[in-house]
Amino acid sequence: GNTMKNRCVVVNRFTNEILVRIPEMLKMYEKVYGSSGKKIGKVVRILGPVAEPYGVVKLDAPSMRDVEEVYTR
């Protein structure tokens, strides 16, 4: 089954990174997955207010930046 619980909306895209809105409890270096369940990268920075943080996800490959939404477990 699908064990992914937190859907994160992609807000911006860069060459090797994407900016996503993340849930408050997400930690640094948390793995991030595409909708298929394949790992696409990890959170390398957390920005913004504690109540509405954003995460910078370093992608495993630049081709993965086209995702519309990502998930954490």
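This is a predicted model: local features need pLDDT of at least 70, side-chain atom pairs count only at pLDDT 80 or more; totals for chains, interfaces and linings use all residues.

Colleague: Is asparagine 6 buried or exposed?

Modeller: The cut-offs are under 20% relative accessible area for buried, over 50% for exposed, and partly exposed in between (1.4 Å probe, protein chains only). Asparagine 6 has a relative accessible area of 14%, so it's buried.

Colleague: Which residues is asparagine 6 in contact with, leaving aside neighbours within four places in sequence?

Modeller: Contact means heavy atoms within 4.5 Å. On that basis, asparagine 6 touches Pro23, Met25, Val70, Tyr71 and Thr72.

Colleague: Where does threonine 72 lie, and is it buried or exposed?

Modeller: Threonine 72 is in contact with asparagine 6, and with others including Cys8, Leu26 and Tyr33. It belongs to strand β6, residues 69–72. Its relative accessibility is 1%, so threonine 72 counts as buried.

Colleague: On to charges: how many salt bridges does a search of the whole structure find?

Modeller: Side chains of opposite charge can pair when their charged atoms come close. The test is a side-chain nitrogen of Lys or Arg within 4 Å of a carboxyl oxygen of Asp or Glu. Searching the whole structure with it gives four.

Colleague: How many residues apart in sequence are arginine 7 and glutamate 69?

Modeller: Their side chains meet in a salt bridge, 2.6 Å from N to O. Arginine 7 is in strand β1 (residues 6–13) and glutamate 69 in strand β6, so the pair ties together parts of the chain whose separation in sequence is 62 residues.

Colleague: What about glutamate 68: which residue does its side chain meet in a salt bridge?

Modeller: Glutamate 68 counts as exposed, at 60% relative accessibility. Its salt bridge is 3.7 Å from N to O, and the partner is arginine 13.

Colleague: And how far apart are the closest N and O atoms of aspartate 60 and lysine 39?

Modeller: Aspartate 60 is partly exposed at 45%, and lysine 39 is partly exposed too, at 30%. The two form a salt bridge, with those atoms separated by 3.1 Å.

Note on methods
Residues are numbered from 1 along each chain as its sequence is written. Side-chain values use heavy atoms; hydrogens and water are left out. Helices (H or I, at least four residues) and strands (E, at least two) are DSSP runs, numbered from the N terminus.
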